[in-house]
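Student: I am new to this structure. Please take me through the surroundings of the ligand, and follow one of the strands there in detail.

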Amino acid sequence: MAQEVRGVIAPGKDEPVRIETVLVPDPGPGEAVVRVQACGVCHTDLHYKQGGINDDFPFLLGHEAAGEVEAVGDGVTDVEPGDFVILNWRAVCGTCRACLRGRPWYCFDTHNAKQKMTLTDGTELSPALGIGAFAEKTLVAAGQCTKVDPAVAPQVAGLLGCGVMAGIGAAINTGNVGRGDTVAVIGCGGVGDAAIAGSHLAGAARIIAVDIDDRKLETARTMGATHTVNSRETDPVEAIRELTGGFGADVVIEAVGRPETYKQAFYARDLAGTVVLVGVPTPEMKLELPLLDVFGRGGALKSSWYGDCLPSRDFPMLIDLHLQGRLDLGAFVTETIQLDEVEKAFERMHHGDVLRSVVVL
Ligand SMILES: NC(=O)c1ccc[n+]([C@@H]2O[C@H](COP(=O)([O-])OP(=O)(O)OC[C@H]3O[C@@H](n4cnc5c(N)ncnc54)[C@H](O)[C@@H]3O)[C@@H](O)[C@H]2O)c1
Ligand SMILES: [Zn+2]
Ligand SMILES: [Zn+2]
């Protein structure tokens, strides 16, 4: 029988979010119901609320979560009730052309629960990124549950479910940052700071943090940035070149998702360097670049979906590094909040007051 839980709903474009009763069906074949213990507030939730992703309102927001599996449906063998899991939004299919070529992190047919969660009047909800975890319980595909060491605090573990994994992966998976590389990261929110932490972990020689907010730059230093640039005051392309012997960085990671910051990334990299776009643009944005510069500067222009991660490979590994004290995931949690404080958390995010607010249930 469907269970009634409280969840945070975005009812329509730019309307404030509100708490509603959500009906969570029992898990069907291949599905799992998860008791959510923590869920971080990611900029992508704000994009959903603003109508920047699509118009499939109402949304059940929240997608950066950890919790305990409560029940599983028929045919589920990888997880069982009681398992502590991080939810991932790219459950790989194993059979699409990317998976068959041995590149499952690109899976072109990732899946979510087949059944719908609804409001009490039967209105079907669109769960953010197929998760919807600003709720006491949520229904997902079992493949979206990745087991990790339960010794880690849920509010820390959940961050790997989106922004922190996206940032670390943008550096180490997509950007292939390695020992001795120079890296610049444009935009130092949760995602950008994770890219900085990932570059630090990978042994980058110089890590240049760029943001328009000095508070963000201060935090970026604690994550491993060796230099900072406030791009409101200083031309970031010039500054990055100056800090890299006049050449530009080997890898520039764009973690804002805007044409102007993408252009900065494009011109701030060394010849044959790599640009990684991990920030998510909105549908109306356009990019114009001289095609000759695209050719002449060479290298690679890459996008990073979810940090090109493989949850089953990367989540347990990063949790282990955290538990060993080699990756301070706790530093990303600015505050823990209640379910009814998500709207306030969006405002704080908008004003740049937080790295991550995490709803704890
Ligand atoms: N690719 C993925 O899989 C993935 C996953 C999660 C989030 N994202 C995206 O990553 C982006 C960042 O997310 P977040 O949660 O860190 O957001 P955030 O709001 O916490 O951080 C954004 C940062 O960018 C800075 N910024 C804004 N405009 C800037 C400019 N013109 N120049 C330099 N810095 C600027 C802000 O001051 C802030 O520090 C968003 O677009 C989000 O949707 C992508
Ligand atoms: Zn696949
Ligand atoms: Zn996210």
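Tutor: Two strands pair if DSSP finds at least two bridges between them. Keep that in mind for later. The model is predicted.

Start with the shell. Ligand 1 is surrounded by 33 residues. The closest are H43, A166, G187, G189 and G257. By class, 15 residues of the shell are nonpolar, 14 are polar and 4 are charged. Two domains contribute. Domain 1 (3-161 + 328-360) gives at least three residues, and so does domain 2 (167-304).

Now follow β12. This strand pairs with strand β13 (residues 227-230). The sense is parallel, and there are 4 bridges. One residue shows the pairing: I208 has H227 in β13 as its bridge partner.

Last, a look at another strand. T146 sits in β10 (residues 145-147). T146 counts as buried because 26 C-beta neighbours lie inside 10 Å, and the cut-off for buried is 20 or more. Beyond its neighbours within four places in sequence, T146 is in contact with V85, I86, N88, P311, S312 and F315. Compare N173. T146 and N173 are 27 residues apart in sequence. In space, their C-alpha atoms are 19 Å apart.

Technical notes. Residues numbered from 1 in each chain as written. Chains lettered and ligands numbered in written order. Predicted model: local features only at pLDDT ≥ 70, side-chain atom pairs only at ≥ 80, totals over all residues. Near = placed C-beta within 6 Å. Nonpolar A, V, L, I, M, F, W, Y, C, P; charged D, E, K, R; others polar. Domains from an automatic or database assignment. Buried ≥ 20, exposed ≤ 12 C-beta atoms within 10 Å, placed from the backbone. Contact = placed C-beta atoms within 7 Å.
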